[in-house]
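Please open the model in a viewer and keep the selection panel at hand.

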Amino acid sequence: DSGVCPTADKLSSIQRVEVWAEGADGAVHLELLSVIAATATAAPMAATGADITLVSFSGADGAVSDFTELNDPVMGGQSTGTWDIKDTYGVFDGEVKDVPSLSAPGFIKAAADGSFNDASAAIDGSLVLTVRSSTPEYTGFRVSFAAGTTSAAYACSGGGSLPFSRGCFKAQFDVPAGDEFTTVSVPFNMFSDKWSPATGEQTTTCADDSGVCPTADKLSSIQRVEVWAEGALGDVHLEISDIRAVSAAAAPVVPSVELIPDDYKTCSGAVQDGLRFNMSSRTQAYGLAVPVSDGESLAEAVCCDSRVKPYAEPQYTYVAPDISLYEHLDESGVTTFYDSVCGLPLFMAPMNRTLDEFKADTDEHGWPSFRPEEVVEENIVTDEETGYVTSACGTHLGSFLPDAEGDRWCIDLSCVSGNPITVN
């Protein structure tokens with residue numbers, strides 16, 4: 001009956017739009033990016049996102065390129081560095097040494113002040129550095145940017161520890177080995193404007209307190225960008241082609257688990273797309289104790305790369321604002337956690353305790369923590385000698401760490417965020 005169909009006249013005066021879940025039992029989770037009306041001949045609309053160049057040495061429109069190198073000025077610091085421009089990239093070179101009076105590593109940095117392009121449209125994405133290094137083993141690389149400060153230089157020397165020194169946001173990054181330039185992405189939600197001026201380590205993380213996170217307003221008016229080598233001794237050589245702010249929609253498709261060299265690959269297959277708890281948003285493996293291949297996601301690195309096996313995902317990942325595990329748990333029942341690769345059910349929590357007790361156990365350790373009643377025994381392999389915990393299909397899950405209350409499995413959320421397998 002054509003009388004029940006919408007007409008052009010109706011579409012010209014839409015009053016209300018609704019999204020429903022009805023007529024079928026089951027849990028519902030829908031993330032809605034947009035609702036559009038498109039003609040039959042219209043090309044599909046692509047989410048191109050924002051890719052804003054902040055620093056470039058090849059004449060990009062509005063980009064800043066004038067850097068100044070600064071050595072550690074504190075109490076006889078002996079770290080030294082240089083900054084130079086070669087062809088279309090900057091070269092940051094030097095050595096970080098102990099400050100004799102402190103018996104601790106000093107720092108070197110290169111800083112650029114200027115009027116940077118508005119990067120506010122990339123707040124849901126990352127700061128992306130195109131770099132290469134002949135010292136990829138160096139663990140003290142950091143990047144910072146200042147915004148909304150009275151003095152960017154002052155803010156980036158105090159890290160929020162001095163009066164009026166907020167507004168300089170800093171994060172650590174690693175550079176993969178290799179002779180070619182590669183991109184390193186640092187999500188904006190990994191930056192903080194509270195960090196130690198002695199070590200560069202964050203004293204309050206964005207996951208712990210949203211008040212230290214960058215905002216779109218801050219990204220709209222960046223005053224300074226800095227590249228650091230600090231908190232670790234050693235030679236430093238870093239070549240920078242550009243630094244950009246890239247929104248999530250503009251980020252390249254992340255390569256698969258095939259990036260992991262065969263000698264280190266341990267999983268039976270690829271990590272699932274669309275992991276639960278928003279874990280698939282962690283498209284770069286930041287905050288790990290060892291470097292991995294560029295492009296590995298957090299789940300790929302932690303669950304499938306043997307180089308990371310002795311370590312774990314960053315502590316308290318599960319409470320990061322973009323993850324918020326507790327908001328996804330069944331408040332009145334039991335939540336099942338599935339293998340992020342093969343979809344096997346691995347843990348069911350809480351069992352024989354309250355949800356608050358599960359949360360307290362997890363918060364005490366910093367990773368989701370399960371007790372014997374919550375383990376799906378037929379799908380879990382626990383090596384009590386090494387402490388390694390894997391699934392029956394070979395995915396590394398975390399560690400077996402008994403405490404005074406008994407056996408406890410401390411698990412990386414990255415590896416138990418899968419979707420259940422469907423058997424037809």
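A disulfide is taken here as a pair of cysteine sulfur atoms within 2.5 Å. Select Cys 206 and Cys 213 to see one such link, in which the sulfur atoms lie 1.9 Å apart. The structure on display is a predicted model, and this distance, like every other value in the tour, is computed from it.

**Disulfides**

Remain with Cys 206 and Cys 213 and inspect the S-S bond: the angle about it is 110 degrees, and the link is right-handed. Cys 206 and Cys 213 are both buried.

Next, select Cys 267 and Cys 304, whose sulfur atoms are 2.1 Å apart in a disulfide. The angle about this S-S bond is -85 degrees, and the link of Cys 267 and Cys 304 is left-handed. Colouring by secondary structure shows that this pair ties together distant parts of the chain, 37 residues apart: Cys 267 sits in the loop between strand S13 (234-246) and helix H4 (298-304), while Cys 304 belongs to helix H4 itself. Cys 267 and Cys 304 are both buried.

Move on to Cys 342 and Cys 393, a disulfide with an S to S distance of 2.1 Å. The link of Cys 342 and Cys 393 is left-handed because the torsion about its S-S bond is about -80 degrees. It too connects distant parts of the chain, 51 residues apart, with Cys 342 in the loop between strands S14 (335-338) and S15 (345-349) and Cys 393 in the loop between strands S18 (388-391) and S19 (396-400). Both of these cysteines, Cys 342 and Cys 393, are buried.

Selecting every disulfide in the protein gives a count of 5. With bonded cysteines counted along the chain, the pattern reads 1-2, 3-4, 5-7, 6-10, 8-9.

Cys 410 is buried, with a relative accessible area of 5%. For contrast in setting, select Cys 5, which counts as partly exposed because its relative accessibility is 42%.

**Cavities and a pocket**

The structure holds 2 cavities of 30 Å³ or more. For the largest cavity, with about 150 Å³ of space, select Asp 174, Gln 284, Ala 285, Tyr 286 and Val 292, which lie nearest its centre among 14 lining residues. The lining of the largest cavity comprises 8 nonpolar, 3 polar and 3 charged residues.

The second largest cavity has about 60 Å³ of space. Select Pro 187, Met 190, Arg 282, Gln 284, Tyr 286, Leu 298 and Pro 314 to display its lining, which divides into 5 nonpolar, 1 polar and 1 charged residue.

Continue to the second largest pocket, which contains about 770 Å³ of space. It is lined by 32 residues, and those closest to its centre are Met 190, Glu 201, Gln 202, Gly 287 and Pro 314. Strand S10 (residues 168-172) contributes the most to this pocket's lining, with 3 residues. The lining of the second largest pocket contains 16 nonpolar, 10 polar and 6 charged residues.

**Confidence**

Finally, colour by pLDDT. The mean for the protein is 89, and 94% of its residues reach 70 or more. Select residues 40-47, where pLDDT stays under 50 and the model has 2 contacts beyond four places in sequence. Where pLDDT is low, the predicted coordinates should not be read in detail.

Definitions and conventions. Residues numbered from 1 in each chain as written. Predicted model: local features only at pLDDT ≥ 70, side-chain atom pairs only at ≥ 80, totals over all residues. Heavy atoms only, no water. pLDDT = per-residue confidence, 0-100. Contact = heavy atoms within 4.5 Å. 1 Å grid on protein atoms, 1.4 Å probe; cavity = no way out; pocket = protein on both sides within 12 Å on 5 of 7 lines; lining within 4 Å. Points joined across faces, edges and corners; volume = space filled by probe spheres on them. Helix = DSSP H or I, 4+ residues; strand = E, 2+ residues; numbered from the N terminus. Nonpolar A, V, L, I, M, F, W, Y, C, P; charged D, E, K, R; others polar. Buried < 20%, exposed > 50% of the residue type's maximum accessible area, 1.4 Å probe, protein only.
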